[in-house]
Amino acid sequence: MADRATFIATVTASLGRSEVLAPPSDTATAAFDDTATAKSNAEQAMATASERSSELAERMAEAAAVIGWKVHRVANQEDAANVIASICEQKSATSVLRSTHEVLTQVGVDAAVTNTGASIGTTEHSGENSSDLVDQSKTAAFKADIGITGVDYAIAETGTVVLHPRSGLSRLVSLAPPTHIAVLRPGEVLESLDELFAMERNDFSSGELAGSMNLISGPSKTADIEGTTVTGIHGPLEAHLIILKYD
Amino acid sequence: MKPLTVNFRSKAAETLQDAQIQQSIEHVYTGFFKGRLEAAGDTPEWEELRTKGKAIKDHTIAHLDYYLGQLADNVEKNGGSVFFAEDAAEARKHIIDLAHKREIKTVIKSKSMVSEEMGLAEAMNDEGFETIETDLGEYIIQLAGETPYHLIAPAVHKSRTDVAKLLDDDFKEGDPVPDATELTMMAREKLRGVFERADMSVTGVNFAVAESGSIALVTNEGNGRMSTTVPRVHVAVMGMEKIIPSIQDLSTMLRILIRSATGQRISTYVTMVNGKRKPDEEEGPEEFHLVIMNNGRQKLLADPQMRESLNCIRCGACLNACPVYRKVGGHAYGWVYPGPIGAIVTPVLTGLKDASNLPNASSLCGACHDACPVKINIPRMLLELRYRTAEGSSDIEERTSGAKERGIWKAWRIGMMGRKRFDWAARLSRIVLLPIARNGWLKKTPPPISGWTSTRDFPLTASKSLKSRLSSRAKKAK
């Protein structure tokens, strides 16, 4: 069996060296940026997101529509609740799952869903981690008709919703149900992937990197049969993006 | 996977004569090809991104030993385990042993070319684990008992009728053929139950981030997300070259990978996981294992002429751009990696002796070099491998070029070394060939050029060279 030392020694020898050398600082990669640089890059990204929030929200709406999100621009929280209710009715949903994003409480999503006759729940374990609870949450996600989340960030360049799974935001709520609804507030939209990964780098260098991250860009797709693009294979068949104009 | 590179000629001929496959592959490749050009055209900083991508990979590969150590340290710091596998057999054994120890029943696989090197799905099924490919294309290929045809579109050669026969036991010849959406929904239904009951997943790795021990997975279907979420054990397998130093480098690498692969600005899902489920997460695997495999890559690394091929990010753009691949198809190349990139890495990884036809399956048009998001100079390496085949190398003890071939090239070299000699040689060739030409074309010739004209016509040397025609035109114009 190869152990790590032997494996790496082979690589070192193949590189024509006799010992592992630490690479010299190289501007090609961000690996050598110090904590202060990472922090200022991240602050810059957040500043842009807030200064240009309405422009970036509009660009997000356009990019999202191109890649298959059903985009709903709404004027206020009440309208957002109405859109959610009408999707529930349209899908004849009986079971809805949601994250604990603040915006969903602001919108009043629980009332909007229960008024249509569907049940709504969260996947929060309240800090407990037994494998029974994990299994329960999986089963609930696979049974749910609709999953509703806020967004942690969005990316205007690509029409992408970014989620960092954590307590109150399961990995499956945006994946297993056949319909996913994401609710976005202005100010949450970053300009491009550069800004997102600048912020991730800062989280990393300050020791706060999340356990995982999902970039979601529209409904699940495949083109594996005769090159024809079909929406909906393993993930949601339908993805709705509700963009709130005002907080 | 056992290399079958020696069958290149017969497999290529088979594909060339299969009208149905020719039809089904052509429009997919051109679709990818056009998509990539459009995506690159829409991206004003495209060339800058390629330069950056190449710089990141050049730097990483030049310090691969350091970054491998850093990656392993950080994966372990995140609570994962790392296994270094010298070859495919070691990797396969490690994963199978792990599955036995954890009493695994169902394994879901997402697409991974490295796992194809291991022949992993087949080996795990043989060991009694229900092992199911979850990328739709790979699933179709698995049902058909074949190997992938393309890095990105594994089932590109299958028609809807073929797929219907595989997915629906009741489907008979002559039944109305379901459309792509209906077939996709049939597969969705079949695979959802599998996802729910899977207790282990095996995924590839698009990028492994050394500084944080993270892995990034890019999919459109969502199977990568399912695989990193549902089963209690997640095993990620990677070739040792798949490292990048920093999380921040992902923005460049994702942009060039995705645009080059499918022409999208972004794939539907990009998933980054830093090991197993964190205490505050609702679900996710209890165990994370990273398997880093060498399997001959140290030969590419140690070879200054071939090292650049380790920059490859497996986007498939060179395949779609290659006029030869687009005709002879993916199976002709006889191992895991088809197309231009396969033609340079397969001979080194599996042995040049059997694979010597691969570097010759190119017109050296350079389309692969233009298409490559990290600017790998594939044509240069194709020529290098042709040289080694002809002149002998550590792999091939005897030079394969015969005395006759070497004589022809020697004469060619002498003839090309001066203008006067060239003119003489051209005139001489016309005198020799004129008696066997018909209307200015050579359709059938005696040896040694009969091989050329058995499949294509060769034009007779013109009576006047371009140079003399131009100079007589210049004189007339005065």
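How far apart do the C-alpha centres of domain 1 and domain 2 of chain B lie? In this predicted model, the two centres are separated by 54 Å. The domain assignment places domain 1 of chain B at residues 43-297 and domain 2 of chain B at residues 419-477.

Chain A was examined as a whole. Its secondary structure comprises eight helices and 12 strands, and its C-alpha trace spans about 70 × 45 × 45 Å along the principal axes. Chain A has 247 residues, of which 51% count as buried. When contacts in chain A between residues at least 6 apart in sequence are considered, 77% of them join residues at least 24 apart.

In chain B, an open sheet is formed by six strands, arranged in the order β1-β10-β7-β4-β2-β3 with parallel pairing. The edge positions are taken by β1 (81-85) and β3 (130-133) of chain B; each has a single partner strand, so one side of each is left without a neighbour in the sheet. On average, and with direction ignored, neighbouring strands of this sheet are turned by 20° against each other. Within the sheet, strand β4 (residues 200-203) of chain B and strand β7 (residues 233-239) of chain B are joined by four bridges in the parallel sense.

Helix α5 (residues 88-101) of chain B touches β1, β2 (106-109), β4, β7 and β10 of chain B, and its direction makes about 165° with that of β10(B). Helix α4 (residues 64-77) of chain B lies across β1 and β10 (287-293) of chain B and runs at about 145° to β1(B). Helix α4 of chain B is also among the elements against which the buried residues of α3(B) pack, together with β8 (243-244) and α12 (250-262) of chain B. Helix α3 of chain B covers residues 46-62; over its 17 residues the distance from the first C-alpha to the last is 24 Å, close to the 24 Å expected at 1.5 Å a residue. The buried residues of α3(B) are L49(B), K52(B), G53(B), I56(B), K57(B), H59(B), T60(B) and I61(B).

A further helix of chain B, α16 (residues 339-350), has 12 residues that should span 16 Å at 1.5 Å a residue, and the separation of its end C-alpha atoms, 15 Å, agrees with this. Of the 12 residues of α16(B), 12 are buried, so the helix is largely enclosed by the rest of the structure. Among these buried residues are G339(B), P340(B), I341(B), V345(B), P347(B) and L349(B). The buried residues of α16(B) pack against α13 (297-302), α14 (317-321), α15 (325-328), α17 (352-355), α18 (367-371) and α19 (378-391) of chain B. The residue that follows α16(B) is G351(B), which has a positive phi near 110°.

Elsewhere in chain B, E196(B) is located in helix α10 (residues 180-197) of chain B. E196(B) counts as partly exposed because it has 15 C-beta neighbours inside 10 Å. Between E196(B) and V328(B), the C-alpha to C-alpha distance is 39 Å and the sequence separation is 132 residues.

The contact between the chains was then characterised. Chain A contributes 65 residues to the contact, and chain B contributes 75 residues. On the side of chain A that touches chain B, at least two residues are supplied by each of α1 (4-14), α7 (131-143), α8 (193-205), β9 (212-216) and β10 (221-222) of chain A. This side of chain A consists, by class, of 29 nonpolar, 24 polar and 12 charged residues.

Strand pairing extends across the two chains: β9(A) and strand β9 (residues 269-273) of chain B are paired in the antiparallel sense over five bridges. Here N214(A) stands opposite T271(B) in β9(B). A helix pair also joins the chains, with α8(A) and α12(B) packing at an angle of about 145° and their axes 8 Å apart. In this packing, L193(A), D194(A) and F197(A) of α8(A) meet L250(B), S251(B), L254(B) and R255(B) of α12(B). By class, the residues of this contact of α8(A) with α12(B) are four nonpolar, one polar and two charged.

Note on methods:
Residues numbered from 1 in each chain as written. Chains lettered and ligands numbered in written order. Predicted model: local features only at pLDDT ≥ 70, side-chain atom pairs only at ≥ 80, totals over all residues. Domains from an automatic or database assignment. Pairing = 2+ DSSP bridges. Axes fitted to C-alpha atoms, helices over the stretch in contact; angles between N-to-C directions. Contact = placed C-beta atoms within 7 Å. Expected span 1.5 Å × (residues − 1). Buried ≥ 20, exposed ≤ 12 C-beta atoms within 10 Å, placed from the backbone. Nonpolar A, V, L, I, M, F, W, Y, C, P; charged D, E, K, R; others polar.
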